[in-house]
Amino acid sequence: MKPRPIIFDTDPGIDDATAITIAVRNPNLDVRLLSTVGANVEVEKTTLNALKLTEFLGVEIPVAKGCGEPLMRKLRPCPEIHGITGMDGYDFPPVKRKPLEKHAVEAMRNMIMESEEKITLVVIGTHTNIAILFKMYPEVKERIEEIVTMGGGLAGGNTNSSAEFNIYNDPHAAAIVFNSGVPVTMLGLNVTNEARLYRDDAEAIDASGRVGHMIYSLLNHYRDAFMDGGLRIHDSVAVAYLLRPDMFKTQMLPVEIATEGPAAGTTVCDFRAMQRGEKEANIKVVTEIDSAAYVQWIIEEFRRED
Ligand code: BDR
Ligand code: CA
């Protein structure tokens, strides 16, 4: 299988770090760029974290710093989940690398237009960079294979009772991306909440080697290491979907994003309106995951040689 070319748009973030680590070590994915956004913590920190990670993993993947603020709202970061640095828990050596001089939107544009194959965008932060990319350079749209995004969900939120964090932080940008005409696969909380790692699973990752130990150390600081209730490593589920779609079920649904009012950031997946013939499906929504297979899969991914 020819490796699938992808760009991560990301806010590392402990679950982002897990997702990126798995992806760069898997020969079936070709990670071409990490473009950063401010969300879990400020963009200066998420950019530094992306550099720490590529340097630690010894991979030559460029990092480009993107937007620090959502389009219309004020950023609401969550250091209580990921720590003050955004990747608390592992003592990375001081970083020697630097981000690209170009802004992430410019770097993405160049990468997409210069690539021979269409690129898959894996969005595991807010959609701010991608919304600006589409507004500034609409010609990129037809060079994108698909957008796979961790965000939203069929019902219920984790930031307030109806909105998921990535969509909540920039609902206007998410609405631009979801309505862009580029095929979007939405992988939300209805699936990632079912993909939990428990203490034994995390310890198996720790035992797998240097890389597994680094991730385990981060997981020990993620959400106060709530391992007994099961850790939800949301963003890594997006990578699982790319590599093992057989572990998931999907359905085309009409999805609209509330951008204003108390429900702003909610992804309204209106299957009732679709049944009545009032709305057309526009988004591929991941509806189910084989949780046991997923847990086995993630442990095996870390057993790759360091
Ligand atoms: C999403 O929010 C962030 O905190 C995580 O990195 C993930 O992308 C989960 O709602
Ligand atoms: Ca994230």
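1. How many nonpolar, polar and charged residues does the shell around ligand 1 have? There are 4 nonpolar, 5 polar and 4 charged residues. Here Ala, Val, Leu, Ile, Met, Phe, Trp, Tyr, Cys and Pro count as nonpolar, Asp, Glu, Lys and Arg as charged, and the others, Gly among them, as polar.

2. Some ground rules. This is a predicted model, where local features need pLDDT of at least 70, side-chain atom pairs need pLDDT 80 or more, and totals for chains, interfaces and linings use all residues. Residues are numbered from 1 along each chain as its sequence is written, chains are lettered from A and ligands numbered from 1 in the order written, and side-chain values use heavy atoms, without hydrogens and water.

3. Ligand 1 is surrounded by 13 residues, each with a heavy atom within 4 Å of the ligand. The closest are Asp15, Asn40, Asn158, Glu164 and Asp235. Helix 1 (14-25), helix 6 (165-169) and helix 11 (234-243) each give two or more residues to this shell. Helices are DSSP runs of H or I, at least four residues; strands are runs of E, at least two.

4. Oxygen atoms of ligand 1 meet polar side-chain atoms. For Glu164 the distance is 2.4 Å. For Asn40 it is 2.6 Å. An N or O atom in the side chain of Asp15 also lies 2.6 Å from a ligand oxygen. The protein buries 97% of the 280 Å² that ligand 1 exposes when taken alone (Shrake-Rupley method, 1.4 Å probe).

5. The whole structure holds 16 salt bridges (a Lys or Arg side-chain nitrogen within 4 Å of an Asp or Glu carboxyl oxygen). Arg32 and Glu117 form one, at 3.2 Å from N to O. Arg32 lies in strand 2 (residues 29-36), and Glu117 in the loop between helix 4 (104-114) and strand 4 (119-123). They are 85 residues apart.

Notes. Polar contact = N/O pair within 3.5 Å; in protein donor to acceptor, adjacent residues only side chain to side chain.
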